[in-house]
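Work through the exercises below with the sequence and the model side by side. Try each task before reading its solution.

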Amino acid sequence: MNLKYNYWYFKEAISPEICDRIISIGNSQTLNYGEINRESSKGIEDYSEEDYEHLLKTRNSHIAWLDIPWIYNILKPYIQRANKMAGWNFQWDYTEQLQFTTYNEGQFYDWHPDQHHYTYSNDDENVQMRGKYRKLSSTLLLNDPQDYEGGELEFHFSRNKSCIAKELDKKGSLVVFPSFVYHRVRPVTSGTRHSLVSWNIGEPFR
């Protein structure tokens, strides 16, 4: 699929007060290591030493899941606007649980797309997700980039083309992108980076 825009951004879209509130909520949860495949029933304690080492070579971050209506309501208009302004015009009608993510020094997430190669099961407990597919992802930067070094969000568009989302340089800035676009969070070299990730799903592409 040829795209005119590989991502769309909103600088300082969300107020610092709201960002701080989300960080407080996220930090009040039990933070676990992020997995590569959420569909897996494995907990971190179930990984073999070899699998665990592979996981940490691919993804090393701590996460908590948030399901809070007012946060969805704040993000939704931005997702809709980006979808229209970037000319993607993807059909979507549901947002998965939000992922609060913390990257401390040395933590990262290597190249990956958010979109699976399959739809969610028709037997999924959440009927809103059955038969649907990730289409639009977003990353909200919750703290000031001066709080950490490294941790850049980088997109990979083709074999020889990648770029850092330099617009994600202020607390409360938001980046929206098609879930099939490869991206990574480069290693944090000092400090702590907090973000909130959303995946917005709809019927399979036709």
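This is a predicted model: local features need pLDDT of at least 70, side-chain atom pairs count only at pLDDT 80 or more; totals for chains, interfaces and linings use all residues.

## Exercise 1: The chain as a whole

**Solution.** 
1. Of its 206 residues, 47% are buried.
2. Among contacts with a separation of 6 or more, 84% are between residues 24 or more positions apart.

## Exercise 2: One side of a helix

**Task.** List the buried residues of α1 and explain how they are placed around the axis.

**Solution.** 
1. Helix α1 covers residues 16–27, which is twelve residues. From its first C-alpha to its last it reaches 16 Å, close to the 16 Å expected at 1.5 Å a residue.
2. C19, I22, I23, I25 and G26 are the buried residues of α1.
3. These residues are on the same side of α1, because they cover an arc of only 165° around the axis.
4. An α-helix has 3.6 residues a turn, so residues three or four places apart point the same way.
5. The partners against which the buried residues of α1 pack are β4 (62–66), α3 (69–85), β6 (98–103), β8 and β15.

## Exercise 3: A covered strand and its partners

**Task.** Which strands pair with β8, and is β8 mostly covered or open?

**Solution.** 
1. Strand β8 spans residues 133–141, and nine of its nine residues are buried, so by the cut-off of under 20% relative accessible area the strand is mostly covered.
2. Eight bridges link β8 to strand β15 (residues 193–202), in the antiparallel sense. In this pairing R134 stands opposite I201.
3. β8 also runs antiparallel to strand β12 (residues 174–178), joined by five bridges. Here L136 is opposite P178.
4. In β15 lies S195, which is buried at a relative accessible area of 2%.
5. Not counting residues up to four places away in sequence, S195 touches Q99, F100, T101, Y103, T139, L140 and L142.

## Exercise 4: An open sheet

**Task.** Give the strand order of the open sheet and name its edge strands. Then describe the surroundings of V185.

**Solution.** 
1. The five strands are ordered β3-β7-β13-β10-β11, with antiparallel pairing.
2. β3 (59–60) and β11 (161–164) are the edges, since each pairs on one side only.
3. Strand β10 (residues 153–158) is joined to strand β13 (residues 182–185) by four bridges. H156 stands opposite Y182 of β13.
4. V185 is also in β13, and at 7% relative accessibility V185 counts as buried.
5. V185 and F108 are 77 residues apart along the chain, yet their C-alpha atoms are separated by 5.5 Å.
6. Beyond neighbours within four places in sequence, the contacts of V185 are Y103, F108, Y109, G151, E152, L153 and R193.

## Exercise 5: The nonpolar cores

**Task.** Which members of the largest nonpolar core touch the most other members, and which element gives the most to this core?

**Solution.** 
1. The largest nonpolar core has 28 residues, of which L66, I71, W88, L140, L142 and L196 touch the most other members.
2. Two or more residues come from each of β1 (8–10), α1, β4, α3, β6, β8 and β12.
3. α3 gives the most to this core, with five residues.
4. A second, separate core of 14 residues includes F155, A165, L168 and V181.

Note on methods: Residues are numbered from 1 along each chain as its sequence is written. Side-chain values use heavy atoms; hydrogens and water are left out. Buried means under 20% relative accessible area, exposed over 50%, partly exposed in between (1.4 Å probe, protein chains only). Two strands pair if DSSP finds at least two bridges between them. The expected span of a helix is 1.5 Å times one less than its number of residues. The arc is that of the directions from the helix axis to the C-beta atoms. Contact means heavy atoms within 4.5 Å. A nonpolar core is a set of buried Ala, Val, Leu, Ile, Met, Phe, Trp, Tyr and Cys residues joined through side-chain atoms within 4.5 Å.
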